[in-house]
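Hi,

Here's the structure I said I'd pass on. Have a look, and my notes on the rings follow below.

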Amino acid sequence: MGLRKDIWRSAICMASIEDIVARGAIGDAPVHWLPPMSKPFQFLADPFGFWRDGKLHVFAEAYDYRDRIGKIELFVYDEAFCLLSRCIVLSEPWHLSYPFVFEAEGEIWMLPEAFRSGALTLYRAVSFPHRWEPECRIDLGDDIPVDATVTFHDGLWWMFYTPARPGSSRPGCLNVAYAEHIRGPWTRHPLNPVRTDSASTRPGGTAKSFDGRVMLPVQDCSWTYGGAIRPLWFDALTPEIVLTHAGGKIGIPPRFGRHREGMHTLSAAGDVTLIDVKRTEFSPRGLSIEAIREGKKLMRRFSQKHPLA
């Protein structure tokens, strides 16, 4: 338990991901901030957007330090970026985050981060945008992907992810898998891990093609979690060869005030881009929230072991 708490803030940036990557900064592009959460020590992070019927649907992780179980919340905006509605659209007994939403093979899919479930589950929109059902678990052997991100390139689906395995931690590795169909079967690349570097391996947004090269936003976690976003360029991406190089950190403008201590999402949605930035809270109240939560866990365990007659 500690006093330090990362508090993320998400926004719609009025610039394309191509423009942001080209200039290496958010710059002076206008932003529309997602609405704040209702309580302290809650935040919205990992925003991904999907346009449909003239509306921008923003999916984000809604997180509360009181229970540490993220849920996926939906924000619907009109073409003028006025908020029309918000609601929780996906929750599980385990933590959910990084709601990567995309279209493939005539369906709309979500591939949320759910490491605590022990698997990577692909969800299908049975009634977009509010109803999602698990379609299948993606089998990657003993790899349990963190922040899995997919893109279609040269006739194949490609998945980029940080591998997490029980009993070990490998935050500085990037693995790749590929498949002919989004449901799989998926094949892990023989060169995995294709990159080892805590400054440029953990996925952090939408992969895009630039003049035939794939660009993947990645997190720079070399000094703090989600310290910055960098573009990772794939100079070669085939079932036999992967060659990469990382670009510079995407600049966060001074006008963001306290929320300049990190950025860990850069996701494309047509002509706009979804971002999140953070500030750090140092507060005894944060420590008390941790203590209360741990106390409740101990009480639940005691009740399970000693049920009332």
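Why does W158 count as buried? Its relative accessibility is 1%, so W158 falls in the buried class (under 20% relative accessible area; over 50% is exposed and in between is partly exposed, with a 1.4 Å probe and protein chains only).

Before the rest: this is a predicted model, so local features need pLDDT of at least 70 and side-chain atom pairs pLDDT 80 or more, while totals for chains, interfaces and linings use all residues. Residues are numbered from 1 along each chain as its sequence is written, and side-chain values use heavy atoms, without hydrogens and water.

Searching the whole structure turns up 18 aromatic pairs (Phe, Tyr or six-membered Trp rings with centres within 6.5 Å; planes under 30 degrees apart are stacked, over 60 edge-to-face, the rest tilted). One of them is F43 with Y63, stacked at 5.0 Å centre to centre and 25° between the planes. F43 sits in strand β3 and Y63 in strand β4, 20 residues apart (strands are DSSP E runs of at least two residues, numbered from the N terminus). Both F43 and Y63 are buried.

W158 pairs with Y178, tilted, at 5.4 Å and 50°.

Cheers

Methods: Helix = DSSP H or I, 4+ residues; strand = E, 2+ residues; numbered from the N terminus.
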